[in-house]
Amino acid sequence: MFTPEMMASVRKVEATREQRMKSEPARMSAEEKEALLQAFHPDYCKDGFVEIKIGPNKGEKVPLELGKLLHSNSRLLDVTLDLSKPEYDVDVLIIGGGGAGAAAAIEAHEAGANVCLVTKLRIGDANTMMAEGGIQAADKPGDSPVQHYLDAFGGGHFAARPELLRRLVMEAPDAIRWLNDLGVMFDKDENGDMITTHGGGTSRKRMHACKDYSGAEIMRTLRDEVINRKIPVIEFTSGIELIKDTNGRVAGCVLLNMETGEYSVARAKTVILATGGAGRLHYRSFPTSNHYGATADGLVMGYRAGAPLLYQDTIQYHPTGVAYPSQLFGALVTEKVRSLGAMLVNAEGEAFMHPLETRDVSAAAIIRECSERGKGVTTPLGSGVWLDTPMIEILGGEGTIERRIPAMLRMYLNYGIDMRKQPILVYPTLHYQNGGLEIGGDGFTKVMDNLLVAGEAVGGIHGRNRLMGNSLLDIIVFGRNAGKAAAAKSKSVELGELTLAHVESYRDELAAAGATEEGVSPLLLPQYARHENKSCSF
Amino acid sequence: MENMVNVYFNGKKYSVPADLTIMTAMEYAGYTLKRGCGCRHGFCGACATIYRIKGKNELKTCLACQTKVQEGMYVASIPYFPTDKRTYDINEVKPEQRVMMELYPEIYSCIGCNACTKACTQSLNVMRYIALAQRGDFAACAEESFDCVGCGCCSVRCPAGISHPMVGLLARRLTGKYIAPESEHLTKRVEEINSGAYDALIEQIMNKPIEEMKELYNTREMER
C-alpha cells in the first residue's frame with residue numbers, strides 16, 4: 001500500500017498517461033548519454049574505487065569492497081592440509097552450481113569425463129535462478145548474429161573482447177536449441193515461433209522468455225538434467241583456494257564444508273570457475289538483486305593463483321530495482337516490464353526518458369531524476385521513480401501482466417500493490433558484475449592452460465555494460481564450451497605435485513606492498529547477522 | 001522506538017521490528033543463515049517455512065524471504081526436505097501417460113485432501129496439476145505448475161507421499177521438448193550458422209575500426 005504522499009504523485013502519473021501514450025519519448029544522442037554517465041553513473045564516481053596493489057592488475061582500480069578482499073589473505077595460511085590425499089580426484093572439477101556450472105557439468109559428462117560439481121549452497125542457488133526477463137539469440141528472419149554483435153558491442157561501449165563476443169552471438173541460436181531440446185518451455189505462439197521482445201539497447205526483437213521465470217525455468221531444467229545424469233554434486237561446500245602443481249598449473253581446489261567447517265582436498269586435471277557475481281558485496285552501499293552467495297569468491301581465488309582480471313571496475317546497476325515496499329528493497333523488477341510498454345515517469349508524471357535505453361544509461365537517468373532534478377518520489381529508504389505498469393494492460397489487453405510477468409504481479413500483490421492498476425516505484429539496484437577473470441575465446445585463462453572460467457565470473461564478454469538477455473545467454477554458451485573444452489583438455493594433462501605455495505607468496509607480496517587488509521577471503525557469505533562484527537564467521 | 005513484535009524462532013522468543021521479513025528478522029535476531037536462505041527474492045524455494053500464530057490452530061507455510069513477521073508467530077524453517085526425484089533419460093521418455101505411472105506411481109494414491117494446494121507458497125492449484133498429470137495431460141500440468149519454485153511445502157503436507165514439484169518438472173520438460181511445436185526459424189538459423197553462412201560477415205564486423213563501429217551503432221535501424 002502506498003502512502004498518501006505517494007498516492008498524490010500516482011494521481012499525476014494517471015493524469016498524464018493518455019497524453020504520454022500518444023508518442024514515444026525521444027532516445028538520447030551518443031553525446032547526451034556520455035555526459036549523463038559521467039555525471040551520474042556510480043562507475044564514474046572515483047571515491048568508490050581503490051588501486052590494486054599487487055598481482056597482474058597492479059595499479060588498476062577496483063571497487064573498494066572487492067579491493068579489500070583482494071588485499072586479504074587466504075583462510076588457509078595457518079592450516080595444515082595433506083594435499084597428497086585428496087577426497088576427490090577427477091578430470092573436471094566445477095566450482096559453482098549456477099547455470100554456467102550446470103551447463104558445463106552436462107557437457108563435460110556428455111564428453112565422457114569424470115566430473116564433480118561443488119557448490120557453496122544448493123545447486124541452483126545462483127543468479128541464474130533469478131534472471132527474469134529473457135535470453136537473446138538472433139534466430140528470427142529479420143535478424144542476424146552480426147546485428148546481435150553490433151548491439152552488444154555498442155551497448156558495452158565498444159570494449160567487449162571480439163573473440164568472446166563472436167562466440168556469444170554465433171552460438172546463441174544453438175544454445176536456445178539445446179535448452180529447448182532439454183525441455184525448457186520457451187514462450188511460443190501456436191506455430192512454434194518464439195515470442196520475442198526488445199530489451200534495452202536491442203535493435204531487433206530477439207528476447208526469448210519463459211514468462212518472467214526465464215532463468216528459473218532454465219536453471220531447474222539444467223539441475224534436473226545434472227541429477228538425471230548422476231553427476232556428483234557436493235552441496236554446501238565452498239571452494240576456498242585453488243591448488244596448483246609444481247609445474248604452475250592448476251591442480252584442484254581446497255573445499256570447505258559450510259556446515260561442519262571441515263576442509264577437504266579435490267584434485268583435478270582441469271578446473272572450471274563458475275562462481276558467479278558479487279552483488280552481495282554491496283558496492284557503494286547499493287541494495288542488490290543478487291542471490292545470497294554472490295560474493296566474488298572465484299575472482300579472489302583466481303587472482304590469488306595468478307589469473308588476471310578484466311574490467312573489474314565496471315558494475316551493472318539495474319535501473320529498476322524495487323524502491324518500495326521496504327521488504328522488497330533492491331529486488332529486481334525485470335526489464336521485460338519496460339519491453340512490454342511501461343514508461344519511466346517522475347514524481348510530476350513526466351516521462352523523463354525512453355524506457356529502453358541501455359541499463360547503464362537508464363540507471364544514471366533515474367539517479368539524476370532523484371538527485372539533481374529533485375523529481376523523485378520519497379520512500380522510507382530513499383527515493384524512486386514510477387514505472388507506469390498499467391500501460392501494459394492498456395497496450396496488450398487485460399490479462400497481459402498475469403500472463404507475461406506473473407512473478408512480478410505476485411511479488412507486489414503480497415504487499416497489497418496491484419501493478420495492473422497502479423504504477424510501481426523503482427530505483428537502481430546492484431545487479432551484475434560486467435568484469436571478471438580474463439579468458440581467451442576457448443574459455444581458458446591466459447596464465448594457466450587447464451583453468452577455465454564461465455558465467456558471471458568472466459570479464460570481457462560484454463565489455464563495460466551488458467545488455468538484458470545476454471547473461472543467461474553467456475552462461476549457457478560459455479558454460480557448455482567450458483565443459484567440452486575441459487573434458488578434452490583433461491585427457492592430456494599430467495599433474496605434478498600439489499602445492500599451495502602461491503598462497504604464501506601472495507601473503508608476502510601483500511606485506512611487502514604494505515597492503516594487507518585484516519580478515520580473510522573469499523568472503524563466502526555476506527555478514528547480515530546483527531551481532532556479527534567478526535571478520536570471519538568460521 | 002520502532003514498532004516491534006514478538007516472534008519465536010524454533011520456540012525461542014525474540015523482539016524484532018514489525019516491518020521485517022521472517023528472513024531478515026532472523027538475521028536481526030543474530031542468526032547467520034546457511035540453510036534456508038537462497039535467492040532472497042522468492043525464486044529459489046530455499047526458505048520454506050512453517051509457522052503458527054499463537055492462539056490459532058491453523059498451520060501455515062510460506063517463503064521466509066517473502067513474508068512479513070507478525071506478533072506471536074512461531075516459526076520453524078525447513079532446512080531440507082527429502083523430495084523424491086526419480087531419474088530418467090529425457091531422450092528415452094515419451095510424453096505418454098505411462099511415463100508418470102512408471103516414474104511417479106504414487107500420484108495415483110492422491111486422496112484429494114487438497115493439503116498441497118493449501119500449502120503452496122505460490123498460490124498454485126497443486127492438486128489440480130497432479131490430477132492433470134494423472135490423466136497424462138502434460139501440457140496443462142506444465143502450465144498449471146509453471147510458477148513452482150520447488151520449496152516443497154506441498155510435499156511436506158501430503159499424506160500420499162507425493163513429490164509434487166518433481167511431477168510438475170517432468171511435465172514441463174516433456175512439454176518443452178516434445179509437445180510444444182518446433183520453432184522452424186530456430187532450426188533454420190542453427191543450420192545456417194553451422195553451414196558457415198555468417199562466418200565471413202562476423203569476421204568482417206569483428207575487424208572494423210572502432211570509429212566505424214560507433215557510426216554503425218549510432219545509426220542502426222530499430223525494429224518497431
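Begin with the contact between the two chains of this predicted model: select the residues where chain B meets chain A, and you will have 61 residues from chain B and 71 residues from chain A. On the side of chain B that touches chain A, colour helix H1 (22-29), helix H7 (164-179), helix H8 (184-194), helix H9 (199-206) and helix H10 (210-218) of chain B, each of which supplies at least two residues. Which of these helices gives the most to that side of chain B? Helix H7 of chain B does, with seven residues. If you then colour this side of chain B by residue type, its residues divide into 28 nonpolar, 15 polar and 18 charged.

Next, turn to chain A and select strand S4, residues 115-118, which has both of its faces covered. A:Val115 and A:Leu117 lie on one side of the strand, A:Cys116 and A:Val118 lie on the other, and all of them are buried.

Staying in chain A, select strands S11, S17 and S19, which form an open sheet in the order S11-S17-S19, with mixed pairing. Strand S11 (309-310) and strand S19 (458-459) of chain A stand at the edges with a single partner strand each, and therefore one side of each is left without a neighbour in the sheet. Zoom in on S11(A) and strand S17 (residues 436-438) of chain A, which run antiparallel and are joined by two bridges; A:Leu310 has A:Gly436 in S17(A) as its bridge partner. Then show helix H10 (residues 297-304) of chain A, which packs on the sheet and touches both S11 and S17 of chain A, with its direction at about 40 degrees to that of S17(A).

Finally, colour chain A by pLDDT, for which the mean is 96, with 99% of the residues reaching 70 or more. Where in chain A is the pLDDT below 50? Select residues 533-538 of chain A to see this stretch, which has nine contacts in the model beyond near neighbours in sequence.

Key: Residues are numbered from 1 along each chain as its sequence is written. Chains are lettered from A and ligands numbered from 1 in the order in which they are written. This is a predicted model: local features need pLDDT of at least 70, side-chain atom pairs count only at pLDDT 80 or more; totals for chains, interfaces and linings use all residues. Two strands pair if DSSP finds at least two bridges between them. Helices (H or I, at least four residues) and strands (E, at least two) are DSSP runs, numbered from the N terminus. Two residues are in contact if their C-beta atoms, placed from the backbone, lie within 7 Å. Axes are lines fitted to C-alpha atoms, for helices over the stretch in contact, and angles run from 0 to 180 degrees between N-to-C directions. Ala, Val, Leu, Ile, Met, Phe, Trp, Tyr, Cys and Pro count as nonpolar, Asp, Glu, Lys and Arg as charged, and the others, Gly among them, as polar. pLDDT is the predictor's confidence in each residue, from 0 to 100. A residue is buried if 20 or more other C-beta atoms lie within 10 Å of its own, exposed if 12 or fewer, and partly exposed in between; C-beta atoms are placed from the backbone.
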